[in-house]
Amino acid sequence: METKTFAFSYRSCAVVAAAFLAVAGCATTTPPAPAQLALANAAVNDAQSAGAGEYAALELRAAQNKLSWANAAQVNNNAVQATRLAEAAEVDARLAEAKARNAKAQQIAGTLQSNLQTLQQEIERSSSSTGGSR
Amino acid sequence: MKPSVMSAAIAMIGTLGACATAPEKNASLEQARLAVDQVQSNAQVAQNAPVELARAREALREAEQVWRNSPQDARVDHLAYLAERRAAIAQEIAGIKAAEQAIEQASRDRDRLLLQARTREAEQAREQLATSESEVERARRATQAAREQAHVQEQLALSAEERNARMQQRLQELQAQETERGFSVLLSGVLFESGEATLKAGADRRLEQLAAVLRENPDHVALVEGFTDSTGDETYNEDLSEQRAQAVREALASLGVDPGRIQVQGYGEAFPVASNRTPAGRQLNRRVEIIVASDSANIPPRGFVGRAGGEPRGERGMRGSGSGQEQETPR
């Protein structure tokens, strides 16, 4: 998307949002930037712990980039941009985390399944060898 | 051209276009719609990740709403992006749940298999134990039977000794003589009238005793030898003597002795034991001798050297002379 157009509409929205915040002083559809940044941060940490670096590297990198951009925007007092970037970072991180956990769980399930098959074969082999030759 | 004019022109064209065609499409929103649609229709996602699915649908709704109100709003792209990502998350979460269920199931299956295997092992061990137990039992019974048999044999041997002792005693009572062919029991001539082959009553007691000996020792064979005095024809006397022997055999048979083991032989005038010139002597010569063998081999008749077994009837051997042959010539 065009950064210019984005910046243009965002500015007007930011003014409106700020006005709303000032007037309403309660929850809006857009969470305040620091809260959202915290959420995004937590999500990225969770994704890393889940092993997204190995299993969902692309999504994790996207999340980390957007988070750092969000922080930069926040520093530049671009609250709306910071929030949006932080929101995107959060979903990217959550997706990375989910992908990593899924990949690991599938691996374990696969290993257990093949172990099960081996066990079954072993049992059949041993039972046939002892049961038949009496 | 200034950007604001540009965008205004575009907006106008867009509005004009709206009358004739569908509203301007948003690529991100299309993508989001597709993604949410896919996970929505996936039964596994609906079952395993309902919360995440709901969030994805909600995100899409939000995006749609903003887009309807102001299609050019930059938020549309952002919200559409979030919706699409949320749909992807829902898919992954569903996958995790499915994998976790598979892991649980595998664990249960493993336990079940192991239990089956252990049960089967226990069964087989039980069967083997039962088999080996029955084998042991069979072996035990076999040895027991063998032992019992040996015991019986022992008993038989013992009673054989006993029987032997008893036999000796009886034979002694019968005044049996030990010869090379066995024990010889004499039934004296007083038991037969001259020229007769009928046993007189006096033989009863001795025959009973003899029968007892033969019954108690079934594996011993007997030979009944008949003799006559010299009165009358030789051939006649041979027949007579044989008849006397037969008479004894029949008497023994009636006393329970198997006649099959009693051989019969008539010697006629041969082998007298006393002088035929006196009535007393002749009486003595009219006799039957019963040989009880020491085993089950056929008793060889007198005077036939080297012949054993078979019908002890053959050519006439030595004839008794007038002087009286008192020596027996066995074999």
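This is a predicted model: local features need pLDDT of at least 70, side-chain atom pairs count only at pLDDT 80 or more; totals for chains, interfaces and linings use all residues.
A residue counts as buried when its relative accessible area is under 20%. By that criterion Phe271(B), with a relative accessible area of 6%, is buried. Good morning, colleagues.

Let me begin with the rings. Over all chains, a search of the whole structure finds three aromatic pairs. Phe227(B) and Tyr267(B) make up one of them: because their planes meet at 15°, with the ring centres 5.2 Å apart, the pair is classed as stacked. Where in the chain do Phe227(B) and Tyr267(B) lie? Phe227(B) belongs to strand S3 of chain B, which covers residues 222-227. Tyr267(B) is found in the loop between strand S4 (262-266) and helix H8 (279-285) of chain B. The two residues are 40 residues apart, and their pair thus links distant parts of the chain.

Are these two residues buried or exposed? Phe227(B) has 0% relative accessibility and therefore counts as buried. Tyr267(B) is also assigned to the buried class, since its relative accessible area is 8%.

Phe227(B) takes part in a further aromatic pair, this time with Phe271(B). Here the geometry is edge-to-face, with an angle of 90° between the planes and 6.5 Å from centre to centre. This pair, too, links distant parts of the chain: strand S3 of chain B contributes Phe227(B), the loop between S4 and H8 contributes Phe271(B), and 44 residues separate them. Taken together, Phe227(B), Tyr267(B) and Phe271(B) form one aromatic cluster.

Which ring does Arg287(B) lie over? Arg287(B) is placed over the face of Phe227(B), at 3.7 Å from the ring centre. Arg302(B), for its part, has its charged end over the ring of Phe271(B), 5.3 Å from the centre of that ring.

I now turn to chain A. What does its secondary structure consist of? Chain A has five helices and zero strands, so that, by the DSSP assignment, its elements read α-α-α-α-α from the N terminus on. The chain has 134 residues, of which 34% count as buried. Among contacts in chain A with a separation of 6 or more, 75% come from residues 24 or more positions apart. Chain A exposes about 7800 Å², and carbon and sulfur atoms supply 57% of that area.

To close, I return to chain B: Phe227(B) is stacked with Tyr267(B) and edge-to-face with Phe271(B). Thank you for your attention.

Definitions and conventions:
Residues are numbered from 1 along each chain as its sequence is written. Chains are lettered from A and ligands numbered from 1 in the order in which they are written. Side-chain values use heavy atoms; hydrogens and water are left out. Rings of Phe, Tyr and Trp (its six-membered ring) pair if their centres lie within 6.5 Å; planes under 30 degrees apart count as stacked, over 60 as edge-to-face and the rest as tilted. Helices (H or I, at least four residues) and strands (E, at least two) are DSSP runs, numbered from the N terminus. Buried means under 20% relative accessible area, exposed over 50%, partly exposed in between (1.4 Å probe, protein chains only). A charge sits over a ring if NZ of Lys or CZ of Arg is within 6 Å of the ring centre and within 35 degrees of the ring normal. Contact means heavy atoms within 4.5 Å. Accessible areas come from the Shrake-Rupley method with a 1.4 Å probe; for residues, only the protein chains shown count as cover.
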